[in-house]
Amino acid sequence: MAHNRILAILAAFFAALTLAASPVATAPNLGNAPVPSEQAATPTVPVIVGKPQGQNNLTITFVDQALKGNDSTLFTPQGNLTERYAYSTYSVPYKVIENGNNNVGPREQDAFLCSAPRGGTTTIVNPVEVRANVQIQSNVGTELRKLINLVWTGQTNGSFKHAYSKTKVYSAPESVLNHRDYYGAIQYDLGTTIVNRTDIYHVYSGDRILYTASYDRGQQTVYAKIPKAVEYARDFYM
């Protein structure tokens, strides 16, 4: 009886060893398994599809209320003359987006345009438009703000908008396993604007204007983020 009990114990021991070595008992390596996600592809680099049309060599005229009414007396051999403030001007001799100041962001208003199947083409079905305003990076007065907006966008409020064409054909190459989606968005460049200010005075003898005097008040630099429209694509593999 004892001999049979020993044989039974040995049989159970070897059966347990066989089960432990079986591949069925091996846990799967979840860390190496592919992740089922449609966001498998990095978006393509955005390309510019629309920019605002500004105005060059622009000068605006305005009245500085702080100077108005402050008359000065000029003592001359011809007698005492009166110098009276008339108006001021802002002018922009130079504006530029320097190298390295492109795509300063943030990119915003990302909007779906259309989806092209693998090896196929498509067009935009529903109208898509993005819009934004110039973002001036310092505190400026109303008139100077108007000028900066005009020179970069042609609009006194600095507004810019772009409508994506419904006739443009978008495609996805055969290398895309499923489909390619296209998106539109707003991106920004950092623009540098050089502004000159001049104050204009009339010189009177009594009630008669003898001549006009202009005073250069110097130059200042104004930075602003300039909107533009871009589009980019994302490839999907699931």
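The model is predicted, so to speak of local features takes pLDDT of at least 70 and side-chain atom pairs count only at pLDDT 80 or more, while totals for chains, interfaces and linings use all residues. Residues are numbered from 1 along each chain as its sequence is written, and side-chain values use heavy atoms, leaving out hydrogens and water.

**Strand and pairing**
- Strands here are DSSP runs of E with at least two residues, and two of them pair if DSSP finds at least two bridges between them.
- β11 and β12 (residues 208–236) run antiparallel, joined by 26 bridges, with Thr193 partnering Val222.
- β4 (residues 79–96) pairs with β11 in the antiparallel sense over twelve bridges, and Ser88 stands opposite Asp199.

**Aromatic pairs**
- Rings of Phe, Tyr and Trp (its six-membered ring) pair if their centres lie within 6.5 Å, with planes under 30 degrees apart stacked, over 60 edge-to-face and the rest tilted.
- The whole structure holds six aromatic pairs.
- One of them is stacked: Tyr183 and Tyr232, 5.4 Å centre to centre with 20 degrees between the planes.
- Tyr183 is in β11 and Tyr232 in β12, so this pair ties together parts 49 residues apart in sequence. Both Tyr183 and Tyr232 are buried.

Note on methods:
Helices (H or I, at least four residues) and strands (E, at least two) are DSSP runs, numbered from the N terminus. Buried means under 20% relative accessible area, exposed over 50%, partly exposed in between (1.4 Å probe, protein chains only).
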